[in-house]
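Visitor: Hello! Could you walk me through this structure, one question at a time?

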Amino acid sequence: MAEMKKNIMTYEGLKALEDELHELKVNRRQEVAQKIKEAREQGDLSENAEYDAAKEEQRDLELRIEEINNILKNAEVVDDDVDSSVINVGYTVKIKDLEFDEEMEYRIVGSTEANTLQGKISNESPVGRALIGAKSGDVVEVETPAGMLKYEIMDFYKN
C-alpha cells in the first residue's frame, strides 16, 4: 500500500482541527440526530423534505469527521527544533514584491491550514516553497502562470 502523505501543520492548526472534530462529534451529531428524529415524527418519509435535508446534513457531517480523522492520522506538527536561521513552516514572513514595490506579510502553514484571506499560505504553494529555507535579505523567484515573480525577504519570525 502506498504511504499516506504527511500533513505538515502548526500546533495551532492541529489544535483547531482537534477542537472542530470534538465540536462535530459531541454537539453537531446530537443536533442532526434530533433533526432526523423530529422529521421522522412527521410521518411519511418518502415525501418529507426535512428528513431528506437532515439525512444529507448527517452525511456531510460524517464526511467532514472522516476527513478530519484522516488529516489528524497523518499529521506531522512542525517542531521547535528546526533551524531558526531560515524560514520554515510556522514562520511569518515579510516580503517585498520587487516588480510592484509592494510589501506583504504571510504566515507559512501546512496545506490543510492555508487561508489566503487570513494571510496564511501553504508550504506547498509556489510562494511557500520558494520561501522555505531562505533568509532575510534573500531574493527568491517564484514561477507562476503569470510569469516569474521576485520577492525580497525583509524579515521573518516564528510565532
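Guide: Gladly, and please keep in mind that the model is predicted.

Visitor: Which strand does β6 pair with in the antiparallel sense over six bridges?

Guide: A hairpin through two residues leads on from β6. Across the pairing, V139 stands opposite E152. The antiparallel partner of β6, over six bridges, is β7.

Visitor: What is the order of the strands in the open sheet?

Guide: The sheet has five strands with mixed pairing. β5 (120–122) and β6 (139–144) each have a single partner strand, so they stand at the edges. From one strand to the next, the twist averages 45°. The order is β5-β4-β3-β7-β6.

Visitor: Which residue in β4 does K96 stand opposite?

Guide: Strand β3 covers residues 91–97 and strand β4 covers residues 102–109. These two strands pair in the antiparallel sense over six bridges. In β4, the residue opposite K96 is E103.

Visitor: Is the aromatic pair of Y91 and F156 stacked, edge-to-face or tilted?

Guide: The count comes to one aromatic pair. Its ring centres lie 5.8 Å apart, with the planes at 50°. Planes under 30 degrees apart would count as stacked and over 60 as edge-to-face, so the pair of Y91 and F156 is tilted.

Visitor: How many residues apart in sequence are the parts that this pair ties together?

Guide: Y91 is buried at 3% relative accessibility, and F156 is buried at 13%. Y91 lies in strand β3 and F156 in strand β7 (residues 147–158). The pair therefore ties together parts whose separation in sequence is 65 residues.

Visitor: Which element gives the most to the largest nonpolar core?

Guide: This core has 18 residues, and those touching the most other members are I87, V93, I95, I108, L131, Y151 and I153. The elements that give two or more residues are β3, β4, α3 (126–131), β6 and β7. With four residues, the element that gives the most is β7.

Visitor: Which residues does L131 touch, leaving out those up to four places away in sequence?

Guide: L131 is among the members of the largest nonpolar core that touch the most others. A second, separate core of 14 residues includes L24, V32, A54 and L61. With residues up to four places away left out, L131 touches I87, V93, I95, I108, I121, V140 and I153.

Note on methods. Residues are numbered from 1 along each chain as its sequence is written. This is a predicted model: local features need pLDDT of at least 70, side-chain atom pairs count only at pLDDT 80 or more; totals for chains, interfaces and linings use all residues. Side-chain values use heavy atoms; hydrogens and water are left out. Two strands pair if DSSP finds at least two bridges between them. Axes are lines fitted to C-alpha atoms, for helices over the stretch in contact, and angles run from 0 to 180 degrees between N-to-C directions. Rings of Phe, Tyr and Trp (its six-membered ring) pair if their centres lie within 6.5 Å; planes under 30 degrees apart count as stacked, over 60 as edge-to-face and the rest as tilted. Buried means under 20% relative accessible area, exposed over 50%, partly exposed in between (1.4 Å probe, protein chains only). A nonpolar core is a set of buried Ala, Val, Leu, Ile, Met, Phe, Trp, Tyr and Cys residues joined through side-chain atoms within 4.5 Å. Contact means heavy atoms within 4.5 Å.
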